[in-house]
Amino acid sequence: MTVVTRFAPSPTGFLHIGGARTALFNWLYARHHGGVFRLRIEDTDRQRSTKEAIEAIIDGLKWLGLNWDDETVFQFARAPRHVEVALEMLKQGKAYYCYCTPEELEEMRTAARAAGKPVRYDGRWRDRDPKDAPAGIKPVVRLKAPTSGETVVHDKVQGEVRVANEQLDDMVLLRSDGTPTYMHSVVVDDHDMGITDVIRGDDHLTNTFRQLQIYEAMGWKAPSFAHIPLIHGPDGAKLSKRHGALGVEAYREMGYLPEALRNYLLRLGWGHGDDEIISTEQAIAWFDLDGVGRAPSRFDFAKLDNLNGHYLRETDDARLAREVAARLGVAGDVAIEQRLSAGMTGLKARAKTLKELSENARFYVLKRPLSPDDKARALLSVDAAAVLKELRGRLAAAPSWLSPDLESQARAFAEAKSIKLGQVAQPVRAALTGATTSPPIFEVMQVLGREETLGRIDDAIAGAA
RNA sequence: GUCCCCAUCGUCUAGAGGCCCAGGACAUCACCCUUUCACGGUGAAGACACGGGUUCGAAUCCCGUUGGGGACGCCA
């Protein structure tokens with residue numbers, strides 16, 4: 001049987017990092033088994049669902065490279081089918097009308113909690129004659145769930161988990177306004193969409209027992225389940241939207257590469273021996289649910305940074321130059337993009353994110369004259385200016401403008417003057433970049449070209465005090 | 001309160017009874033490389049939550065304790 005997985009976010013916010021990982025695992029599992037990965041937008045909460053959120057989720061998935069198959073299913077549009085199934089259950093005696101008021105239910109809960117009993121609906125309308133229905137109250141439809149025995153989930157990550165049916169109550173299938181509840185819609189949709197494997201956050205584990213009872217009542221074959229642990233924040237507290245969890249677009253803005261985020265998310269809660277850098281091809285070949293751990297893991301930016309740095313260094317210079325140009329507001333400037341691309345070798349070893357890379361690259365984009373920062377200014381003393389002036393003459397006459405040749409020139413110059421190379425290189429760095437740290441300075445000279453280099457040195461000499 | 005799940009270095013993990021006085025990666029520290037800062041290289045420090053069992057032998061199995069997490073809605 002072909003594997004069919006799905007990612008089913010509710011569009012009430014952005015695609016947060018936990019959701020992204022759930023989507024990744026579903027995608028990987030489907031691709032690994034040559035199956036189908038589907039997307040279902042659970043937009044049944046009309047109050048909180050927004051068009052912006054739907055777009056953010058779709059953009060996020062696309063950015064991460066998690067392509068889905070078949071058409072996207074919108075849950076709200078399927079409400080009539082959900083109602084139809086609930087009515088069928090009613091007809092078969094698998095469900096019943098309940099006329100309890102919210103106040104009654106609240107009393108029940110308070111009493112149960114006080115008595116140390118499980119908090120659940122007591123089933124008071126379960127076998128009552130509908131003729132007893134109080135006038136003017138619209139009923140909900142509840143599942144007639146088994147009252148004895150136990151329900152068992154054979155979970156691919158959590159193992160066999162069982163719960164006594166007394167712990168579960170008769171859940172609401174249809175609200176008093178006739179709309180289906182989430183719990184019910186999910187089951188009908190997963191069944192109708194032919195989902196074979198439900199992979200989701202383990203906050204849904206206990207929901208699974210109830211959902212299983214719906215499958216049971218309808219005589220449907222249940223999919224297999226895999227509940228993956230949630231991601232926690234660095235402090236161990238849960239990483240939820242309420243606690244500042246970020247959407248993937250925030251990671252994008254911070255300058256993380258999708259391939260780095262994918263690799264990071266994969267390794268969070270999943271392992272394949274000692275492998276750390278895992279390409280998408282390898283991930284598809286290796287991914288399996290039994291490699292998924294059962295304990296929640298903490299999100300660690302330091303490791304993400306490290307991974308991102310690695311992928312940054314592997315990324316094509318031209319692509320990086322375009323990203324940087326866009327971030328520095330000079331997108332489309334061909335000359336500048338070429339300069340950035342040429343400077344990428346030295347630049348990309350020094351950055352963890354595109355944001356950092358862009359900041360470090362800014363000096364390549366700046367127009368003369370530069371405004372050196374305080375530390376650079378301190379380097380540009382009158383003495384240093386004298387050194388620069390002499391060096392400038394030598395450079396102006398240099399037969400080659402290639403980095404190794406420029407370095408030879410500078411070394412010969414330093415030697416002739418009996419000073420250390422650093423005493424030459426640092427003022428040049430300050431002059432060319434306006435900072436005290438930068439890529440190798442002779443590489444910078446080559447990338448900047450003779451004219452720009454000499455111009456910046458002249459500016460520095462003129463500005464020295 | 002009731003039920004369910006979890007527990008190896010600071011973090012992510014390897015480990016499915018002897019290969020483990022526990023391996024890798026990130027982070028940290030030191031050294032090397034070096035014109036700066038990085039990258040890279042070498043090395044150091046760093047964990048089986050606790051207590052009982054079972055066994056010739058336990059990080060691995062069982063029980064309990066403690067500590068985390070999740071669920072208990074006419075939200076999803």
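**Figure 1. Strand 9 and its surroundings in a predicted model.** All 5 of the 5 residues of strand 9 (residues 197–201) are buried, so the strand is largely enclosed by the rest of the structure. The model is a predicted one. Strand 9 pairs with strand 10 (residues 224–228) in the parallel sense, over 5 bridges. Together with helix 6 (residues 205–218), strands 9 and 10 make a right-handed β-α-β unit.

**Figure 2. The nonpolar cores.** The largest nonpolar core has 93 residues. Phe25, Leu61, Leu266, Phe287, Phe299 and Leu340 have the most contacts inside this core. Helix 1 (residues 17–32) supplies the largest share of the core, 9 residues. In soluble globular proteins, nonpolar side chains tend to be buried together.

**Figure 3. A cis peptide bond.** Arg368 and Pro369 are joined by a cis peptide bond, with omega about -10°. Pro369 is found in the loop between helix 13 (354–365) and helix 14 (374–379).

**Figure 4. Two loop residues with positive phi.** Asp70 is not a glycine, yet its phi is positive, near 60°. Asp70 sits in the loop between helix 2 (51–64) and strand 3 (73–74). Its relative accessibility is 48%, so Asp70 counts as partly exposed. Ser418, also not a glycine, has a positive phi of about 55°. Ser418 lies in the loop that runs between helix 16 (403–417) and helix 17 (421–433). At 66% relative accessibility, Ser418 counts as exposed.

Note on methods
Residues are numbered from 1 along each chain as its sequence is written. Chains are lettered from A and ligands numbered from 1 in the order in which they are written. This is a predicted model: local features need pLDDT of at least 70, side-chain atom pairs count only at pLDDT 80 or more; totals for chains, interfaces and linings use all residues. Side-chain values use heavy atoms; hydrogens and water are left out. Buried means under 20% relative accessible area, exposed over 50%, partly exposed in between (1.4 Å probe, protein chains only). Helices (H or I, at least four residues) and strands (E, at least two) are DSSP runs, numbered from the N terminus. Two strands pair if DSSP finds at least two bridges between them. A crossover is right-handed if, with the strands pointing away from the viewer, the path from the first strand over the helix to the second runs clockwise. A nonpolar core is a set of buried Ala, Val, Leu, Ile, Met, Phe, Trp, Tyr and Cys residues joined through side-chain atoms within 4.5 Å.
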